[in-house]
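Below is a short note on the fold and packing of the model. The points go from the sheet to the cores and then to single residues.

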Amino acid sequence: MELSSFDKSVLNLLQGNLPVCSRPFAAMAEELGTDEETILKKIRELKAEGYLRRIGTFFDSNKLGYGGTLVALKVEPSKIKTVAEVVNKYPGATHNYEREGKYNLWFTLLTPNLESETKILSEIKSVRGVEEMLKLKANKKYKINVQFKLQ
């Protein structure tokens with residue numbers, strides 16, 4: 001599927017200008033001169049085609065009382081998909097991705113306290129295929145805002 005100018009407009013708005021209101025897709029539709037159902041249908045199509053992975057908000061986790069940890073796992077290559085699926089079941093796990101090298105599965109984990117973090121990481125470490133775990137606690141926060149302006 002080649003992106004149309006309308007597709008690009010939808011993706012541009014989703015990246016940083018989705019209205020915060022009770023019906024954000026209706027507001028978005030109004031801005032783009034269409035209707036809410038057209039926007040929702042387009043979003044489903046873009047997701048199905050792989051142009052869109054998720055729609056969500058970003059919160060200041062520290063202000064909400066959460067701490068972040070970057071976790072690197074050494075996983076038996078044949079078990080990466082299974083381990084990733086287990087990691088994804090935890091609500092605080094984000095940015096789960098495969099990498100080359102000794103530690104081949106990485107994710108971030110946000111938890112409200114050290115006890116929750118310890119429990120979750122212990123459970124993940126016991127998953128079949130996980131050989132090693134490296135926990136890299138965040139000491140300083142870097143906010144990276146990547147947006148792809150599509151023309």
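1. Helix α4 lies across β1, β2, β3 and β4 and runs at about 170° to β2. Contact means heavy atoms within 4.5 Å. Angles run from 0 to 180 degrees between N-to-C directions, with axes as lines fitted to C-alpha atoms, for helices over the stretch in contact. Helices (H or I, at least four residues) and strands (E, at least two) are DSSP runs, numbered from the N terminus.

2. On provenance: this is a predicted model, in which local features need pLDDT of at least 70 and side-chain atom pairs count only at pLDDT 80 or more, while totals for chains, interfaces and linings use all residues. Residues are numbered from 1 along each chain as its sequence is written, and side-chain values use heavy atoms, with hydrogens and water left out.

3. The sheet is open, with 4 strands in the order β2-β3-β1-β4 and antiparallel pairing; two strands pair if DSSP finds at least two bridges between them. Its edge strands are β2 (93–98) and β4, each of which pairs on one side only. Neighbouring strands are turned by 20° against each other on average, direction ignored.

4. Strand β1 is joined to β3 by 7 bridges, the two running antiparallel. Within this pairing, L73 has L105 as its bridge partner in β3, and L70 stands opposite T108 in β3. Another 7 bridges join β1 to β4, again antiparallel, and T69 stands opposite K137 in β4. Of the 9 residues of β1, 7 are buried, so the strand is mostly covered; buried means under 20% relative accessible area, exposed over 50% and partly exposed in between (1.4 Å probe, protein chains only).

5. Strands β2 and β3 pair in the antiparallel sense over 4 bridges. T94 has its bridge partner T108 in β3. The two strands form a hairpin with 6 residues between them, and G101 in the turn has a positive phi of about 110°.

6. Which residues touch the most other members of the largest nonpolar core? They are L73, V83, V87, L105, F107 and I124, out of 18 residues in that core. A nonpolar core is a set of buried Ala, Val, Leu, Ile, Met, Phe, Trp, Tyr and Cys residues joined through side-chain atoms within 4.5 Å. The elements giving two or more residues to this core are β1 (67–75), α4 (80–88), β3 (105–111), α5 (114–125) and β4 (130–137). Helix α4 gives the most, with 4 residues. A second, separate core has 12 residues, including L3, V10, L11 and L52.

7. Leaving out residues up to four places away in sequence, F107 touches T69, L70, V71, L73, V87, A93, T94, H95, N96, L121 and I124.

8. Y90 sits in the loop between α4 and β2. Is Y90 buried or exposed? Y90 counts as buried because its relative accessible area is 17%. With residues up to four places away in sequence not counted, Y90 touches I120, E123 and I124. The C-alpha atoms of Y90 and A48 are separated by 24 Å, the two residues being 42 apart along the chain.

9. R99 lies over the face of W106, at 4.7 Å from the ring centre. The criterion for a charge over a ring is NZ of Lys or CZ of Arg within 6 Å of the ring centre and within 35 degrees of the ring normal.
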